[in-house]
Amino acid sequence: MAPEESEETSRLLQSFERRFLAARALRSFPWQTVKHPLCVKHPPSVKYARCFLSELIRKHEAVHEEPSDELYEALAEVLTAEEPTECRRTYLLPSGDSVTLSESTAIISHGTTGLVTWNAALYLAEWALENPAAFTHRTVLELGSGAGLTGLVICKMCRPRAYIFSDCHSHVLEQLRGNVLLNGFSLEPDAAAPAQHPGHNTHNSESPVVTVEQLDWDVVTVPQLAALQPDIILAADVLYCPDIILSLVRVLQRLSACRKGERALDAYIAFTIRNPETCQLFATELGQAGISWEAVPHHNQKLFPYEEHSEMAILKLML
């Protein structure tokens, strides 16, 4: 986020707080937040803006407060706007910076759920912000990166030496590359041996080497994985059906085989507990594969807005 945008955000928040604590009339609130510079630059979905503004006006009317003309004008704009297939979502970081993602407006698009951000990606990103040392000066391989939220937060806040986003779906990979560029990172053409890239192999480097790799868990080989030279493995919201779990465990076994005779790899798998049987299947398959694991304690970071009633967990695997 540019300094002037960060300053404007802080000013609006303080203005909201002052008016709320003093119980001022709703009409006096700074509702121009709907025209925040980030929203103008990276607009949310038309459907979301329409619902938000309609609810805001309804709440004004419920307490017999006349909504401001700005709210009516903003609603009129979105009522006549066409709904695109993509929208922008922006997540604010503690540093004042932000991560903006292009995402699908549909949960399932092009036959995949990987074009939107899911709760476990937010949860894992929060954990990373509490544990930046786990990533500093290390090469991170993320399996099933989806829209890229977790990795972009880590790249901006945790100073990894290199970050390898990966997925197997062509539309997800295309969106991933766009989101990496949208957030100011350049893309390296090859993730193999990232230490060879000049200017990125010192601890003083501010920007990590970033690559996006097509990685099919069912066909990728041990030599191909070894060439990536990861120090740490991440994945979020990839435990949603038995077939995917079996494929994930197989690729984790291959990653473990890359480290024979070397220090074991740590892998962190974050997921929403939707079906206990699915979680049990993952634990069973890990045991049969000889992969040890432990549950990561729930973190205290509450930075991103997501459904907090959803039960989420992170497992640390030793590969």
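User: Is Tyr268 buried or exposed?

Analyst: Keep in mind that this is a predicted model. Buried means under 20% relative accessible area. Tyr268 comes in at 7% relative accessibility, so the label for Tyr268 is buried.

User: How many aromatic pairs are there?

Analyst: For this count, ring centres have to lie within 6.5 Å. Going by that rule, the number of aromatic pairs is four.

User: What kind of pair do Trp127 and Phe135 make?

Analyst: A pair of rings is described by how far apart the centres are and by the angle of the planes. For Trp127 and Phe135, the centres are 6.1 Å apart and the planes sit at 85°. An angle over 60 degrees counts as edge-to-face, so the Trp127 and Phe135 pair is edge-to-face.

User: And what kind of pair do Trp127 and Tyr268 form?

Analyst: Here the rings are 4.7 Å centre to centre, with 40° between the planes. Stacked needs planes under 30 degrees apart and edge-to-face needs over 60. That leaves the Trp127 and Tyr268 pair as tilted.

User: How many residues apart in sequence are the parts that this pair of Trp127 and Tyr268 ties together?

Analyst: Trp127 belongs to helix H5, which covers residues 119-130. Tyr268 belongs to strand E7, residues 266-272. So the pair joins parts whose separation in sequence is 141 residues.

User: How many of the 12 residues of H5 are buried?

Analyst: The buried residues of H5 include Leu122, Tyr123 and Trp127. They pack against several elements, among them helix H6 (149-157) and E7. H5 is largely enclosed by the rest of the structure, because the buried count among its 12 residues is 11.

User: How many disulfides does a search of the whole structure find?

Analyst: A disulfide needs two cysteine sulfur atoms within 2.5 Å. Cys87 is buried at 6%, and Cys279 is buried at 19%. Searching the whole structure, the number of disulfides found is zero.

Notes. Residues are numbered from 1 along each chain as its sequence is written. This is a predicted model: local features need pLDDT of at least 70, side-chain atom pairs count only at pLDDT 80 or more; totals for chains, interfaces and linings use all residues. Side-chain values use heavy atoms; hydrogens and water are left out. Rings of Phe, Tyr and Trp (its six-membered ring) pair if their centres lie within 6.5 Å; planes under 30 degrees apart count as stacked, over 60 as edge-to-face and the rest as tilted. Helices (H or I, at least four residues) and strands (E, at least two) are DSSP runs, numbered from the N terminus. Buried means under 20% relative accessible area, exposed over 50%, partly exposed in between (1.4 Å probe, protein chains only). Contact means heavy atoms within 4.5 Å.
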